[in-house]
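Hi everyone, thanks for coming. I'd like to walk you through one structure today, so please have a look at it with me.

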Protein chains: 2
Amino acid sequence: MQPSAAIVKIIDDIFHPRSIAVVGASKGHTSFGYQYLQILVESGYRGRLYPVNPQEKEILGIQVYPSLEDIPGEIDYVICCINARFVLDLLAQSSRKKVKAIHLFTGKLSETGDEKALQLEEEIKKRAQNLGIRLIGPNCMGIYNPGERIAYNHDLCMEPGSVGAIIQSGGLAGEIVRLAALRGVRFSKVVSYGNAADLNETDFLEYLLWDKETKIILMYLEGVKDGQKFFKTLRRVTKEKPVIVLKGGRSRAGAKSVTSHTASIAGSISTWQVVLRQVKAVQANSLTELIDLCTAFYFLPPITGNRVGVVGGGGGKSVLAGDEYEEAGLEVVPIPDEIIQLLAKMNPKVRRWLVNPVDASILASLNIESADVLRCMAQSPYFDLLCINSSEDSLFYKDDWIAFMQSYMNEAVKIHKEGSKPVIAVVGNPEIGISQVDNWRWQTLFRLREQLIREGIPVFSSAGQAATAIVKLAYYYRYQKAEGYNK
Amino acid sequence: MQPSAAIVKIIDDIFHPRSIAVVGASKGHTSFGYQYLQILVESGYRGRLYPVNPQEKEILGIQVYPSLEDIPGEIDYVICCINARFVLDLLAQSSRKKVKAIHLFTGKLSETGDEKALQLEEEIKKRAQNLGIRLIGPNCMGIYNPGERIAYNHDLCMEPGSVGAIIQSGGLAGEIVRLAALRGVRFSKVVSYGNAADLNETDFLEYLLWDKETKIILMYLEGVKDGQKFFKTLRRVTKEKPVIVLKGGRSRAGAKSVTSHTASIAGSISTWQVVLRQVKAVQANSLTELIDLCTAFYFLPPITGNRVGVVGGGGGKSVLAGDEYEEAGLEVVPIPDEIIQLLAKMNPKVRRWLVNPVDASILASLNIESADVLRCMAQSPYFDLLCINSSEDSLFYKDDWIAFMQSYMNEAVKIHKEGSKPVIAVVGNPEIGISQVDNWRWQTLFRLREQLIREGIPVFSSAGQAATAIVKLAYYYRYQKAEGYNK
């Protein structure tokens, strides 16, 4: 067995525990001991669940055990929510119970910068190593595996998908899954691993490379334990699966925060950028971009061309879309003559007037349907990708506008399903306040967005965001193709 | 009277008509003749309203006149929604009725690229000039003046404010006002002026410079009629009022769209950028940035420093906020010793652990309130600006989380009201689908956003967006201060 095969087996077991003990489960609503139990119950975890707390008899209707050793059955996985000073004792108990892996939600260790806490973390690490117990953490959220109905946060989507994620932060681990889920992205396995005293980013990367359910990998990193090993592994992975990386701690301030957050060394960002480019990782520069990239890779085929046809939205919106697509690096090619000829049969005025991006108001005054133009583009060899554009402004009012938009979107979905070209959509995301929630205009956008996503069309909030993601995706796949790697 | 004073008078009359005739009003829901009438009725226009159509007797309960000349009273302003080929005749009638200004919603003129349409526009322009009638348009939405309850689009906010806007596009004219209104921005006067056959961007700029209700000016431009005159005027204006400019048609594709949209010549973007910088205009690169800049200028005082203190949000969110603020050009300064000393009295662990941006999870484990740190920063001379950060991830669940967030926001509002430092907030804007509208988590964000805005705190969707806007704002005011201009 190679070392990486051994790690794969260990992590695969962690993602598929037949039983979980939550040590430090309590009745206090705001305690994480209570919350982990509540989350596992709500998410519908089907294995055996053992809360551990010497002071409780029962929590959420589940029998509580005074200690690990009082649990009758085997324990595959322990979620540890107790104070750091009790962790060494827990390790001893775990060893006697033959526990193989512990997730230390427990924090206030090296990230505090406190000398004693640092020493304690070091001791925990060594003791676990000696006992043959593997650790996730400390100071992290642990694992999310919708296939096993295991979650680390409330209300996470329990439908499995193909994105595996390695997220050093705890808060972002919940936020990334939640925001990506709104965009239609579903996950295979996610780990939030914090200070990485034992299992680290490279180990999880090896695992997700091996994991057949994972097709796309997403990483939020603050630092790495062994740079050389990590980048070597990453290079192997990007040959087979796209890896999207958001590096936190790029700036002086960010780097300081990194130390107080996960006790990592942020490293020089210019080095990071260069090396990530060399190993063909897809780099995200913000949380927004990470989610956009994830959405693009999740929904789109391996696009290598960059000629885009854009239809819909008013005049100003079309002008700006043209600017944003081109500035990001896509080619907003002219509408080819054969399409103009075809449309001129409906209305000869198109000849001088119609350009790409195609303005929906012009089409409306020419009595040509947006979908007709989109369909022509879908059948033309001059486009690699189509974009459904939309505007918040309404050519018509209320029901008339809704009917107009809905009809275009329905036709666009049909064109998407015919499958001749990849299709994306741009639907604005107004920053509403609570009193605007029931407004028909915003509700229409929410409804259209959901419909498009359900039908398999990736939706972005702006042309610029869509374009930035697609340019990076096409770059990745062009390289893959040129090098003749998998896909 | 100087020429600019004459123009100011003419445009001021246009923005304050005592009567409006809607020529081409009809009963067809999707016709703009119907919609303009409906919009003016709904917005509560208090002047006299005269629909004109030889085929109708009454629309929306209002008496319809067969022609302009059948209208008994005086007509200050005409909204023209009839086909372009009838416009010359309308000009003749208008002249006999002593109409001073016509808004030509009517399009399909020079923007179509058609030779005959181009000639017709030229003829309309000359005829109006000879008759002494001023034109807005053709091919545009006209005017929005909430103070007079005049609007060009449905459901626009009727509360007046201090932003004046000059928007060449029609669709964006509605969209910009609507999106900015969600952010708490209110407008003084807005014009959408399309092909600018007569009154153009420079005329409206002169007017908004003079207009006392207008403190901030926003422009969406596709081209200008007389570059030299425009930039000279712009230079005069930026000495007194900030002017935020979004230039559409920066790319090859965008420039082509510009011609088919408003028949403008887009011009070289590098020239635009250089000249806009020289005349101290504030440049926006996208619609999103335009709205962010408008929000910043609307709510914030003339900040000239750039040292920011950030409090709230989890660890990863804080790391990324630090990165995004610094990358945009703000200084995320270290927490000064006196604040650390003060907080160390509550918990000595802050000494090594606490950094700026301040992680709310660390504060929670130290039993220190986020608001306590924010208040210390508000009283410290080391910060120019404070940022309330937030996360979509929840440290606690549902009611506990809502109470936690609400309590921080309430305290933050108090600190804002004490007025010692400008305060901004970052609240995420999840891209929800219709089935997520009632979700308690997103509703909480919508509620908090609305509360903060109501209390006068500008809210941004991400740290990066906030920082980009603030850096540009501080740059503008630093220059103003250095040159000793008004403000």
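**Domains and a sheet**

Chain A is divided into domain 1 (3-136), domain 2 (142-299) and domain 3 (308-483), with bounds taken from an automatic or database domain assignment. Please keep in mind that this is a predicted model: local features need pLDDT of at least 70, side-chain atom pairs count only at pLDDT 80 or more, and totals for chains, interfaces and linings use all residues. Residues are numbered from 1 along each chain as its sequence is written, while chains are lettered from A and ligands numbered from 1 in the order in which they are written.

Let's start with the sheet. This open sheet has five strands in the order β2-β1-β5-β6-β7 (chain A), with parallel pairing. Strands here are DSSP runs of E, at least two residues, and helices are runs of H or I, at least four, numbered from the N terminus; two strands pair if DSSP finds at least two bridges between them. At the edges sit β2 (48-52) and β7 (134-136) of chain A, each pairing on one side only. Between β6 (residues 101-104) of chain A and β7(A) there are three bridges, and A:I102 has A:L135 as its bridge partner in β7(A).

Now, how do domains 1 and 2 of chain A meet? In chain A, 28 residues of domain 1 are in contact with 28 residues of domain 2, contact being C-beta atoms, placed from the backbone, within 7 Å. On the domain 1 side, the elements giving two or more residues are α1 (3-15), α2 (32-43), α4 (115-131) and β7 of chain A. Helix α1(A) provides the largest share of that side, seven residues.

How values were computed
Contact = placed C-beta atoms within 7 Å.
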